[in-house]
Amino acid sequence: MKCRIAQLNIEINNRFDYLAGSLKPYLCDFDKADITVSASDADLAAERESLDESFSDGYVESIAVCRKICHRLPEFSGYMLHSATFSLEGHGIGFLAKSGTGKSTHMLLWKQLFGDSLRVINGDKPFIRLEEGIPWAYGTPWCGKEGLNLNDRVALTDLCFIRRSGENKTVPISPEKAVSYLLEQVIIPEGSANIIKVLDMLDATVKNCRLWEIYCNTDISAAEVSAGTILEVK
Amino acid sequence: MKLKNQYVVRKVADKAVAIAVEKEGEKTDGIITLNGTGAFIFGLVNEGLDRDEIVAKFFGEYEVTREEAARSVDGFLAELLASGLAEE
């Protein structure tokens, strides 16, 4: 299947139908692929080691294909940032946390507050590409269980690390502190050259974004507090 | 003493980050963040310098006595060994 994701021509030679559905908004014809990818039996077996047995072969293939693309992204000034990312009122906001912490939940609380003016670019795995030093977050088909994604992009302005807490508060954090958190949410590619590229892109991303820690519960009041802080501070 | 892996050491937002490069046939996801002097010493170990060479470089870089330089380097090298990141 030929598709265009994050302004890259990507040819995916998939064996299972699962990917066909999620790729629909990204299908595109082209003569020359930037990235051609398929998942071998060994790739699927490696991916299965970290997944529940209940996942279908098609889902496992989808994750394996995503991972292989992520390893190629540094060649194109890109990397994958595990985050729920959206645009709102001129901001490009990424919520980051380990799986299961509640980044999608908190984003959906914001969605309740702001309705259609909040546009979810990607609920789980946006690709980031550096263009003239600006980190742009692009929608991808790999977007978490809610299936929220758009074939669109937003310039990242705010990175927010989500922490579960009984108390709702949002505090700015230093770039030095954010780096450690950020490294947990990217796929580190193989090879020195690509590792250096990703680290340099993370450096540019951190320098271009405001950095926050959001302590929150799952009530709508949590979103009121975090949105009140992030959108009000100029 | 040498590190068990080869590392890429890079500054990200003024914080030194060391990431293990995949060894042949063995994947690793080792990521280490380091403070200023730790990053300095780690970088030299990663380049293959021995203890005395590192002490000399440390003395040249920081405003410390030779004894203080040796103490800082020895302390950090001991931590590397204890953490399993390096071997004799």
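Is B:Tyr62 buried, partly exposed or exposed? I find B:Tyr62 partly exposed, with a relative accessible area of 26%; buried is under 20%, exposed over 50%, and partly exposed in between, with a 1.4 Å probe and protein chains only.

Ground rules. I note that this is a predicted model, in which local features need pLDDT of at least 70, side-chain atom pairs count only at pLDDT 80 or more, and totals for chains, interfaces and linings use all residues. Residues are numbered from 1 along each chain as its sequence is written, chains are lettered from A and ligands numbered from 1 in the order in which they are written, and side-chain values use heavy atoms, without hydrogens and water.

Ring pairs. I used the rule that rings of Phe, Tyr and Trp (its six-membered ring) pair if their centres lie within 6.5 Å, with planes under 30 degrees apart stacked, over 60 edge-to-face and the rest tilted. Over all chains this gives twelve aromatic pairs. One of them is A:Phe95 with A:Trp110, edge-to-face at 5.3 Å centre to centre and 80° between the planes. This pair links distant parts of the chain, 15 residues apart: A:Phe95 is in strand 6 (residues 91-96) and A:Trp110 in helix 4 (residues 103-114) of chain A. Helices (H or I, at least four residues) and strands (E, at least two) are DSSP runs, numbered from the N terminus. I find A:Phe95 buried at 0% relative accessible area, and A:Trp110 is buried at 0% as well.

In chain B, B:Phe40 and B:Tyr62 also pair edge-to-face, at 5.5 Å centre to centre and 90° between the planes. Here B:Phe40 lies in helix 1 (residues 36-46) and B:Tyr62 in the loop between helix 2 (51-61) and helix 3 (66-82), 22 residues apart.

Charges over rings. I counted NZ of Lys or CZ of Arg within 6 Å of the ring centre and within 35 degrees of the ring normal. The charged end of A:Lys2 sits over the ring of A:Phe30, 5.4 Å from its centre. A:Lys169 lies over the face of A:Tyr215, 5.2 Å from the ring centre.

Helix 3 of chain B. I list its buried residues as B:Ala69, B:Ala70, B:Val73, B:Phe76, B:Leu77 and B:Leu80. The face turned away carries the exposed residues B:Glu67, B:Arg71, B:Glu79 and B:Ala82. After helix 3 comes B:Gly84, with a positive phi near 85°.
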